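Please open the model in your viewer and keep the selection panel at hand.

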Amino acid sequence: MNTLDERLANRLHDIVDGESGSVPPVGALLDRGRRARRRRTTTMVGATCALLALGVATVATVATTPTSGRPGVTAEAAQPEPASPAIQLVSAVTASENISYRMRLTNSGPQGLTYEGAFDPRTATGYVRVPQDDSVMTELLINGTRYEGAERPRGTLPADKAGPGETYGRYGQYPGRYDRLSLYGDGNDVLGAAAPDPAALFTALKSANATISEKPDGTLHFEYTTSDKVGSTGTSGDVTLDGNGRIAKVALTGTWQSTAKGRLDKGTFSSTLELFDYGVKVTVERPTDVVKVKK
């Protein structure tokens, strides 16, 4: 599917197919589209909802021609149903699709890393940097070609890291073509999927069988649990949207327990993904010191 309308229509029907007795709240989305009609994205969403409204009874003011002894009848316009949290999230991820952005992913804990970068999915071009004590791990993506290397750290090298080691500024060029950055992880978890592709957030939550709700302040909230033979993890998070209805922040927290070491271990974790400067121009220069990586 190539258009925003078609992608949103597909996701709306995807939700309805999974919820018995559900009907897309077309009226609510149309009403939201009218209030924000100056924004191109929301206008396109409204157009999609108009297409989905075919076959759905939308009652406007209707007057019947009076006959003798019968007064005219006027039917009041039906109030639109509020959009469900899941459909609000679908609208947000669709609005966040196929547009460039800057990002910051912060993981908690003493060993937690902070990833910063920018990406343009239309050109498969972007970068991400991860500062560590002995280097700044860097990934570059230029028209789908991936380079990975390390730059000199911003501070002084720790004493145990001094001496011969990493060649700063040297990058490995990987064979093949790529459509997203990879340093965030394997993309199997929620933030691992959403960081390089905000539009993948809904798909990741659906795959995790997440429950999506709305908090009183309008923030979208989700919860899900995963488990295996040695333990389980419970995760919850909040999704904040920006003024254009795009994903601005995903704050995630969780608890885990495991018996992998023959005892019961427990812990907590938290991560925050920030997405901003949508539409930014992303340009990346090819490094000069490049070594091709064999498959």
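Select residues 85-95, helix α4, in this predicted model. To follow the helix residue by residue, display P85, A86, I87, Q88, L89, V90, S91, A92, V93, T94 and A95, which are buried. Residues three or four places apart in an α-helix point the same way, because such a helix has 3.6 residues a turn.

Next, select G176. This glycine is found in the loop that runs between β8 (170-174) and α5 (190-194). With a relative accessible area of 46%, G176 is partly exposed.

Now display the whole chain. Six helices and 14 strands can be traced. Of its 295 residues, 39% count as buried. The accessible surface comes to about 17,100 Å², and carbon and sulfur atoms contribute 49% of that area. Among contacts between residues at least 6 apart in sequence, 52% join residues at least 24 apart.

Finally, colour the chain by pLDDT. The mean is 76, and 66% of the residues reach 70 or more. Select residues 15-65, where pLDDT stays under 50. For this stretch, the model has 65 contacts beyond four places in sequence.

Notes: Residues are numbered from 1 along each chain as its sequence is written. This is a predicted model: local features need pLDDT of at least 70, side-chain atom pairs count only at pLDDT 80 or more; totals for chains, interfaces and linings use all residues. Side-chain values use heavy atoms; hydrogens and water are left out. Helices (H or I, at least four residues) and strands (E, at least two) are DSSP runs, numbered from the N terminus. Buried means under 20% relative accessible area, exposed over 50%, partly exposed in between (1.4 Å probe, protein chains only). pLDDT is the predictor's confidence in each residue, from 0 to 100. Contact means heavy atoms within 4.5 Å. Accessible areas come from the Shrake-Rupley method with a 1.4 Å probe; for residues, only the protein chains shown count as cover.
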